[in-house]
Number of protein chains: 2
Amino acid sequence: MAVSDDRVPVPDVNREMCPSRRILEHVTSRWGVLVLAALLERSYRFSELRREIGGVSEKMLAQTLQTLERDGFVDRDAKPVIPPRVDYSLTQLGKEAAEQVWGLARWSERRVADVKAARVSYDDEKARAAASL
Amino acid sequence: MAVSDDRVPVPDVNREMCPSRRILEHVTSRWGVLVLAALLERSYRFSELRREIGGVSEKMLAQTLQTLERDGFVDRDAKPVIPPRVDYSLTQLGKEAAEQVWGLARWSERRVADVKAARVSYDDEKARAAASL
């Protein structure tokens, strides 16, 4: 009667097949990050969201929203009107992820100059090392 | 003498070509997330990091570390010993990103049950909707 046989292992994103790895991948996906961060500020209609997030295709946005909806992060509200109107917003669970992702998005914007400086210094060093060979 | 002509636009991750979008992509990349989160806990040698992060190939890990080093997030310390020993750790800038990414990783692990429940409910609803057609 070993109870431990039935136990689900403790979630660990470093284990390749752990479900938590998939969750982390969804909230940090290329478009998932931007969708969550946008929805933290307000709800959006599909077409508005597509305009807001530069470079996303209709297909990728639809797929991203569906993944986030299925995970329980995004609420899809289809109004029975003509023409059809669909609003997307965050669930409580989605807000938790979005707050952290939003922080990373703002941090990335704040740190542009620091990262550019780091790259110049890295490239210079590589060039000097190559020249001294 | 319009000063505004010379001005760099305010960073905005939603603009496709903004450098901040690239930074966000690097810190939220499939392996970048896991590398940053691991390095927040301690410094690692390459082979240790590869063992720690399930599923990463040698090539992808090397590429991820190089991108993070060039951005100024990771410090690479090659010891002049035989056999060669290389330690990776976070810079101060890298720590800022890693703290947020670490939070997301732990959140993903904590929320596995909630996300599983959301998926069951989503799939049930889709099945019911299909059956009622």
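**Exercise 1. Determine the volume of the second largest pocket and the residues closest to its centre.**

Solution. The second largest pocket of this predicted model holds about 300 Å³ of space. A pocket is an open set of points on a 1 Å grid over the protein atoms alone, where a 1.4 Å probe fits, with protein on both sides within 12 Å along at least five of seven lines. The volume is the space filled by probe spheres set on the points, which are joined across faces, edges and corners.

Next, the lining comprises 14 residues, and Tyr122(A), Glu125(A), Lys126(A), Glu69(B) and Arg76(B) are the closest to the centre; a lining residue has an atom within 4 Å of a point.

Residues are numbered from 1 along each chain as its sequence is written, and chains are lettered from A in the order in which they are written. Local features need pLDDT of at least 70 and side-chain atom pairs count only at pLDDT 80 or more, while totals for chains, interfaces and linings use all residues; side-chain values use heavy atoms, without hydrogens and water.

**Exercise 2. State which element gives the most to the lining of the second largest pocket, and classify the lining.**

Solution. Helix 6 (112-131) of chain A, and helix 4 (58-70) and strand 2 (74-79) of chain B, each supply at least two residues. Helices (H or I, at least four residues) and strands (E, at least two) are DSSP runs numbered from the N terminus. Helix 6 of chain A gives the most, with six residues.

By class, the lining has five nonpolar, three polar and six charged residues. Ala, Val, Leu, Ile, Met, Phe, Trp, Tyr, Cys and Pro count as nonpolar, Asp, Glu, Lys and Arg as charged, and the others, including Gly, as polar.

**Exercise 3. Describe the largest pocket by volume and lining.**

Solution. The volume is about 370 Å³. Of the 17 lining residues, Glu69(A), Arg76(A), Tyr122(B), Glu125(B) and Lys126(B) lie nearest the centre. Helix 6 of chain B gives the most to this lining, with six residues. The classes are seven nonpolar, four polar and six charged residues.
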